[in-house]
Amino acid sequence: MGKLFSKENGEVFKSPLNLNNPVAVQVLGICSALAVTAQLKPAIVMGLSVTVITAFSNVIISLIRKTIPNRIRIIVQLVVVAALVTIVSNILKAYVYDVSVQLSVYVGLIITNCILMGRLEAFAMMNGPWESFLDGIANGLGYAIVLVIVGFVRELLGFGSIFGFQIIPDSWLLDNGGGYLHNGMMTMPAMALILVGCIIWAHRAYNKDKIQ
Amino acid sequence: MGKLNTNGNAYTIIYASIMVIIVAFLLAFVASALKPTQDENVANDKRSQILAALRIEKGSDYDVQAKYAELVKADPVYDGSASVKAENGGFAVENKNLTKDNRPLYVAETPDGKKYVIPMTGAGLWGGIWGYVALDDDCETVYGTYFSHESETAGLGARITELEFQSKFQGKKLFAGDDKSKIALSVVKKGKEGDISADNYVNGITGATLTSDGVNNMIQKGLSDYKDILDSLKK
């Protein structure tokens with residue numbers, strides 16, 4: 001067990017969560033981060049889906065990495081990812097139908113998520129299955145954290161709710177004589193981009209050595 | 001056995017073939033194993049939409065299938081001459097297959113009396129929209145509506161799915177006064193009502209004029225398409 005949780009592996013796990021965060025530092029996977037974060041629930045499901053798919057495609061590619069013909073390695077990686085995404089998409093449709101409707105095409109678009117292909121090509125092709133699994137989980141979670149933060153802010157300010165539960169009471173609203181108005185901008189993808197920008201700003205301000 | 005030459009042509013081709021076959025079997029297995037559950041979800045979603053038109057709020061906690069079976073008594077399909085071509089099976093007609101010769105109607109018995117639910121489809125600003133309009137058994141008064149969309153703007157056009165907009169249609173009349181020749185029910189922009197009677201219009205959603213127009217066109221066309229059936233039901 002000592003080897004499984006060695007210092008190097010700890011580093012593999014920790015770095016994508018913070019110093020090498022796929023969204024905040026590498027600026028990958030922005031497309032879906034903007035599209036599915038209007039509410040918290042789809043953001044979490046999307047984050048979990050990406051985590052699961054990255055982890056397992058990493059493991060599979062890592063297991064077969066020595067047999068993959070070099071010339072078609074990208075195709076092999078794509079086929080593995082596409083197969084996993086199709087399976088996850090089918091499972092979502094069968095068990096959380098309303099969320100899969102909300103996520104619509106973005107589940108399918110996980111295939112083209114740069115985080116996945118990036119991790120497969122950069123990590124799983126030259127590391128063992130366990131390290132690759134850790135790397136996949138950590139990168140998926142690093143992506144999910146950003147999605148959850150953005151989803152939280154957008155749902156709270158845009159709809160006045162969290163997980164669909166009303167947080168801002170109706171009596172505060174302008175329509176009902178209060179002085180509060182939901183920020184409709186928050187429901188738009190443009191605002192998500194600004195929020196992601198703010199997260200990157202805060203992240204860099206905190207990690208001074210990342211400033212280029 | 002020495003080290004495999006993983007760069008040879010034969011190896012590459014065989015590798016790709018085996019991989020594709022394995023993946024194909026895997027996906028076919030998953031898809032066929034989950035298909036029944038998925039179809040059930042789609043059907044339940046459609047049931048809950050029809051129930052939403054019958055004033056049973058979507059998303060509230062109830063057993064969709066039981067409630068649907070309790071309320072919706074028949075789903076006949078009508079042909080081009082407004083006669084019933086199938087007593088049942090309207091539910092199986094997908095919205096995209098709605099044609100003049102293939103018009104399902106849902107007949108429901110609610111605590112408020114007999115209702116007819118008419119399915120309809122149209123075009124919004126960015127993509128398709130669809131809906132269900134429930135009518136009282138005088139075939140003139142709207143009992144409830146449900147609208148949904150593929151990809152209208154969140155917070156603007158997408159608000160046609162909200163109860164606040166849908167419930168505005170309750171109690172509105174299809175026809176203007178005694179003129180039963182054409183559907184008068186419409187969605188109009190606030191301030192553009194003109195001389196339309198308050199019984200015949202609903203205000204559109206502010207900031208979503210094109211989606212509102214889409215709903216207007218859908219309602220007018222959808223109800224006009226069913227007018228002969230409604231006439232025959234009235235007799």
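In this predicted model, 21 residues of chain A are in contact with 23 residues of chain B, contact meaning heavy atoms within 4.5 Å. Chains are lettered from A in the order in which they are written, residues are numbered from 1 along each chain, local features need pLDDT of at least 70, and side-chain atom pairs count only at pLDDT 80 or more.

The size of an interface is often given as the accessible area lost when the parts come together. Between chain A and chain B the buried area is about 1,900 Å², with 68% given by carbon and sulfur atoms; this is the accessible area (1.4 Å probe) that the two parts lose on being put together, summed over both. Helix α4 (residues 73-95) of chain A supplies 10 residues, the largest share of the side of chain A that touches chain B. Helices here are DSSP runs of H or I with at least four residues, and strands are runs of E with at least two, numbered from the N terminus.

Across this interface the rule finds zero salt bridges, a salt bridge being a side-chain nitrogen of Lys or Arg within 4 Å of a carboxyl oxygen of Asp or Glu. The rule does find six residue pairs in polar contact, both residues at pLDDT 80 or more. A polar contact is a pair of N or O atoms within 3.5 Å; within protein, one must be able to donate a hydrogen and the other to accept it, and residues adjacent in sequence count only if both atoms are side-chain atoms.

Within chain B, Lys115(B) is found in strand β6 (residues 113-123). Lys115(B) is buried, with a relative accessible area of 3%, where buried means under 20% (1.4 Å probe, protein chains only). The side chains of Lys115(B) and Asp136(B) are joined by a polar contact of 2.6 Å.

Technical notes: Side-chain values use heavy atoms; hydrogens and water are left out. Buried means under 20% relative accessible area, exposed over 50%, partly exposed in between (1.4 Å probe, protein chains only).
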